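Dear colleague,

I am handing over the structure that we spoke about, and my notes on it follow below. Please keep it open beside this message while you read.

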Amino acid sequence: MAFSIFLAFGLSGCFQKKSSAQTQFIFNTICSVNLYEDSSEEFYAEIFSRLREIENVFNNYSPSSEISRVNENAAERAVEVSEDFFTVLKTALYFCELSGGAFDVTVGPLVKLWNVTSENPRVPSEEDFARVMPLVGYKNVILSEDEGAPTVRFAKKGVQLDLGAIAKGFAADEVEKILREKKVRRAVTSLGGNVYVHGKKSSGEKWSVGIRNPFGEGNAAMLFVQDNSVVTSGGYERFFEKDGKLYSHILNPATGFPVRTDIVSITIICPNSMAADALSTSIFVCGLESIARFSQSPLCPEFECVAIDKDGIIYPTRGIEKDLVLPKGKETKRL
C-alpha cells in the first residue's frame, strides 16, 4: 500500500514551462500527472484512459471488474484472464514466494473481515479467524499458460484475490511506458502517493520527494531522485482504535492481525513500481532485519530504501544516502 509521499516540485527555484498537471479520482484516490512542456489534452486523455482501464480490471469493489469475476468463478473452474491481469498476478505471486508469504495476494477475506478502511471496522472474533485463515495462502492460486490464453483457478472455495498492494505500481509502470514511447522529457506521476519521477527538472536537478513524518506534521526526510518510483508503506494513516488499541490496515498474512514490527514507515526507491509496491509491503511486514535479506537476494530487483523505526531513527541503504537530506540533528543508522 502506497501513500504519505509529498512532492516538492518547486524546490531550488526551478521553473517548468507549461506546467499544467491534470488530476482525476481513480483507484479510490487522487491521481495526478504532470507532463510539463510536453503536455497536451490528447496526451493526458490517453494516460487517464489507460489508468481507468487498469482500475476496471483490479477494482475489488466493482462487481463488473475482472478481479471480481475471477474471485467469483476461479474456485469452480479455470478462468481466462487478460494480459494485464496475468502480468500483475504473475509478478505478485513471484513476490509472494520471494517474501515467504509476507506479501500475499490472497488476503482478500482478511481485508473484508477487518474492514479497516470502511466506516464500520471491527476486531474479528476467534470464530471469524477459524473460518477465514485457511483461505489465506498464495499457493492456493494456480496460474497457467499451458493452453494458450492464461487462466487462473483456486485450490479451494472461498479464496479471494486482493491485488491492491501492487496494482497501482503496475499502473505507474504503464504510465512510464507511455512516457518513454512518446519521448517525454520530464514528468511526474502520483497515484495516491505512489510516485514515479521521469527524467530531471529543466534545470538539470533531480526531483525532490518528501517522506512524510509518521509521528506528526511535515517531512521526516527529503529524497532527490530521477527515473524512479518512490513508494511508502506504513500503518499510521489508515487505522482504527478499539479499547485503547490501534489497528492498521496492513495485515500480516501469517497471523491475520494488523502488522506489528519495528518499522513504522518504509520507502522503496526502484525503477520498477510494481516491485517497489510489493517490497514496501513485504519489508513492512517482516521488519528491519529483512532489508538486508531482500537487498542481498539475487532473485530480488535492485532497490534502495529508507526505513523509520518506532523511535524515529532513520535507516537509509548505502546507495541512497547521497540523495537523502534530513532535518538538522536527525539521527540515522546504517542498515
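Phe27 is buried, with a relative accessible area of 17% (buried means under 20%, exposed over 50% and partly exposed in between, using a 1.4 Å probe and protein chains only). This is a predicted model, in which local features need pLDDT of at least 70 and side-chain atom pairs count only at pLDDT 80 or more, while totals for chains, interfaces and linings use all residues. Residues are numbered from 1 along each chain as its sequence is written, and side-chain values use heavy atoms, with hydrogens and water left out.

Phe27 also has a phi near 60°, which is a positive value in a residue other than glycine, and Phe27 sits in the loop between strand S2 (22-26) and strand S3 (29-34) (strands are DSSP E runs of at least two residues and helices are H or I runs of at least four, numbered from the N terminus). As background, most residues other than glycine have a negative phi. Asp227 is another non-glycine residue with a positive phi, near 45°, and its place is in the loop between strand S10 (219-225) and strand S11 (228-234). Asp227 is partly exposed, at a relative accessible area of 25%.

Glu55 belongs to helix H1 and, at 16% relative accessibility, counts as buried. Once its neighbours within four places in sequence are left aside, Glu55 is in contact with Ile26, Phe27 and Asn28 (contact means heavy atoms within 4.5 Å).

Turning to the sheet, eight strands form an open sheet in the order S2-S3-S7-S8-S11-S14-S15-S16, with antiparallel pairing (two strands pair if DSSP finds at least two bridges between them). S2 and strand S16 (314-316) are the edge strands, each of them pairing on one side only. On average, and with direction ignored, neighbouring strands of this sheet are turned by 15° against each other (axes are lines fitted to C-alpha atoms, for helices over the stretch in contact, and angles run from 0 to 180 degrees between N-to-C directions). Within the sheet, S3 and strand S7 (residues 187-191) pair in the antiparallel sense over four bridges, and Asn34 stands opposite Val188 in S7. Helix H1 (residues 41-58) packs on the sheet, where it touches S2, S3 and S7, and its direction makes about 15° with that of S2. Helix H6 (residues 167-181) lies across S3, S7 and strand S8 (194-198), and runs at about 15° to S8.

Helix H3 itself (residues 83-98) has 16 residues and reaches 23 Å from its first C-alpha to its last, close to the 22 Å expected at 1.5 Å a residue (the expected span is 1.5 Å times one less than the number of residues). Its buried residues include Asp84, Phe85, Val88, Leu89, Ala92 and Leu98. Just after H3, Gly100 takes a positive phi of about 65°, in the loop between H3 and helix H4 (108-114), and Gly100 is exposed, with a relative accessible area of 62%. The C-alpha atoms of Gly100 and Tyr138 are separated by 9.8 Å, although these residues are 38 residues apart along the chain.

Lastly, strand S5 (residues 141-144) and strand S6 (residues 151-154) run antiparallel and are joined by four bridges, with Phe154 in S6 as the bridge partner of Val141. S5 and S6 form a hairpin with six residues between them, and Gly148 in the turn has a positive phi of about 90°.
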